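Here is a friendly walk through one protein model and its ligand. Have the structure open as you read, and pick out the side chains as they come up.

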Amino acid sequence: MSAATPPLPPGSVIGIVGGGQLGRMTAVAAAELGYRVHVFTPERNSPTEQVAERAVVADYEDQAAIRDFGEKVDVVTFEFENVPAETVRRLAELAPVRPNWECLAICQDRVREKTFCNDLGIGTAPWREVNSLDDLTRAIADLGAPSILKTNRLGYDGKGQARIQADTDPALAWHEVGGQPCVLEGFVDFTMEVSVITARRPGGAMAAFDVVENRHKNGILDVTIAPANIPEALADEARAIGRKMTEAMDLVGLLAVEMFVTRDGRLLVNEMAPRPHNSGHWTQDGCKTSQFEQFVRAVAGLPLGTVQRHSDTVMRNLLGDDALLWEQHLSDPENKLHLYGKAEPRPGRKMGHINRLYPLGSRPKG
Ligand code: AMP
């Protein structure tokens with residue numbers, strides 16, 4: 001893709017694959033820049049459909065629907081990366097697809113993701129590919145316990161994972177993850193989890209938001225603290241890792257990279273996502289340009305916005321019933337409430353989030 005790729009003029013249609021909250025907030029940002037949004041999702045009345053001009057509601061493999069969607073958009077992007085290769089290939093015949101298939105393919109598959117990092121000289125937890133119970137037994141012998149068995153594909157928010165302790169029966173763990181291709185990861189004794197979101201536009205210009213701290217509960221992001229309370233040199237290193245990975249994939253759009261900070265102050269990449277990320281929601285209120293606006297700018301080939309943080313920010317996810325307390329959340333005028341339009345507050349389901357701003361440099365504790 002050359003630097004001469006012309007920007008999409010206002011009024012163009014951005015096609016988003018996936019109908020969740022990330023698509024919803026991207027669609028709102030796109031509308032602010034004068035674009036129209038079409039969404040392709042199997043889900044009826046999805047969070048994105050509620051704010052989009054048009055929704056194609058169909059299975060990701062429905063050929064007629066793929067054509068119907070792809071023919072009417074000027075660019076295609078994703079708020080959900082686990083889309084079949086063939087769907088992306090067909091869409092690419094109909095409109096530019098940003099980010100490209102290679103980026104999605106690497107991020108869909110933990111073996112490819114970790115190999116990609118290690119080939120770039122970027123550290124990860126020690127890991128082994130596991131395709132059978134025999135592999136698992138050998139991998140446990142190699143990496144020891146505690147360790148974590150993760151399905152190679154379609155794992156998110158701690159789903160598709162089994163903890164291995166010294167007394168765990170490998171056969172039970174193998175059963176727990178459904179006996180499908182996995183990786184076994186050595187358990188990282190981390191002091192903090194951080195992430196960095198890098199934007200890259202056609203032609204290669206990049207900008208990274210501040211490195212943030214992420215705290216998880218039950219494998220699901222609970223709180224993000226911006227900025228992370230880490231030495232500046234380590235934050236620079238995290239941003240350098242994000243840039244290196246983004247460039248190596250020739251990614252256009254956003255790349256979110258989650259990392260562990262080890263006790264001896266090293267960064268190990270845990271996973272990455274080629275799209276807006278939950279750990280970037282703080283930018284909606286804490287930065288001059290939000291991750292969603294930046295995503296739209298990158299995908300539409302516009303100049304990137306400033307990533308300057310104007311306030312320190314704490315983002316807290318609202319899961320399940322927590323979102324039913326919206327009136328209570330709003331009664332504190334300092335709370336910036338964002339809700340996703342989901343009707344059913346199932347336990348653990350991401351329903352919304354709250355951003356709270358603090359003076360720059362005040363280092364909120366979360
Ligand atoms: P994941 O779905 O891979 O992002 O894992 C969800 C959460 O589980 C991470 O954010 C960590 O808190 C924890 N976790 C995952 N992998 C490891 C690991 N290798 N060592 C320690 N903790 C981990």
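The side chains of Glu293 and Arg297 form a salt bridge, 2.9 Å from N to O; the term stands for a side-chain nitrogen of Lys or Arg within 4 Å of a carboxyl oxygen of Asp or Glu. Please keep in mind that this is a predicted model, in which local features need pLDDT of at least 70 and side-chain atom pairs count only at pLDDT 80 or more, while totals for chains, interfaces and linings use all residues. Residues are numbered from 1 along each chain as its sequence is written, and side-chain values use heavy atoms, with hydrogens and water left out.

**Salt bridges**

- Side chains of opposite charge can pair when their charged atoms come close.
- The structure holds 29 salt bridges.
- Glu293 and Arg297 sit four residues apart in helix H10 (residues 291-300), about one turn of the helix. Helices (H or I, at least four residues) and strands (E, at least two) are DSSP runs, numbered from the N terminus.
- Both Glu293 and Arg297 are buried, where buried means under 20% relative accessible area, exposed means over 50%, and partly exposed lies in between (1.4 Å probe, protein chains only).
- Arg67 and Glu71 also meet through their side chains in a salt bridge, at 2.4 Å from N to O. They are four residues apart in helix H2 (residues 63-71), so about one helical turn separates them.
- Arg67 is partly exposed at 39% relative accessibility, and Glu71 is partly exposed at 45%.
- Arg346 and Glu344 make a salt bridge of 3.5 Å, N to O. Arg346 is partly exposed, with a relative accessible area of 42%, and Glu344 is partly exposed at 47%.
- One network, joined by salt bridges that share partners, takes in Asp210, Glu232, Asp236, Arg239, Arg309 and Asp312.

**Around the ligand**

- Which of the 16 residues around the ligand come nearest? They are Lys150, Glu185, Val188, Glu193 and Glu271; a residue is near if one of its heavy atoms lies within 4 Å.
- A polar side-chain atom of Glu193 lies 2.6 Å from an oxygen atom of the ligand.
- For His216, an N or O atom in the side chain is 3.3 Å from a ligand oxygen atom.
- Taken alone, the ligand exposes 480 Å², and the protein buries 93% of that; such areas come from the Shrake-Rupley method with a 1.4 Å probe, and for residues only the protein chains shown count as cover.
- Strands E6 (147-151), E8 (182-186), E9 (190-200) and E14 (267-273) are the elements that give two or more residues to the shell around the ligand.
- The ligand lies between domain 2 (126-186) and domain 3 (190-358), because both give residues to the shell around it. These bounds come from an automatic or database domain assignment.

**Asn355 in strand E17**

- Asn355 belongs to strand E17 (residues 350-358), and is buried with a relative accessible area of 0%.
- The side chain of Asn355 makes a polar contact of 2.8 Å with the side chain of Asp285. A polar contact is a pair of N or O atoms within 3.5 Å; within protein, one must be able to donate a hydrogen and the other to accept it, and residues adjacent in sequence count only if both atoms are side-chain atoms.
- The Asn355 side chain also reaches the backbone oxygen of His281, at 3.1 Å.
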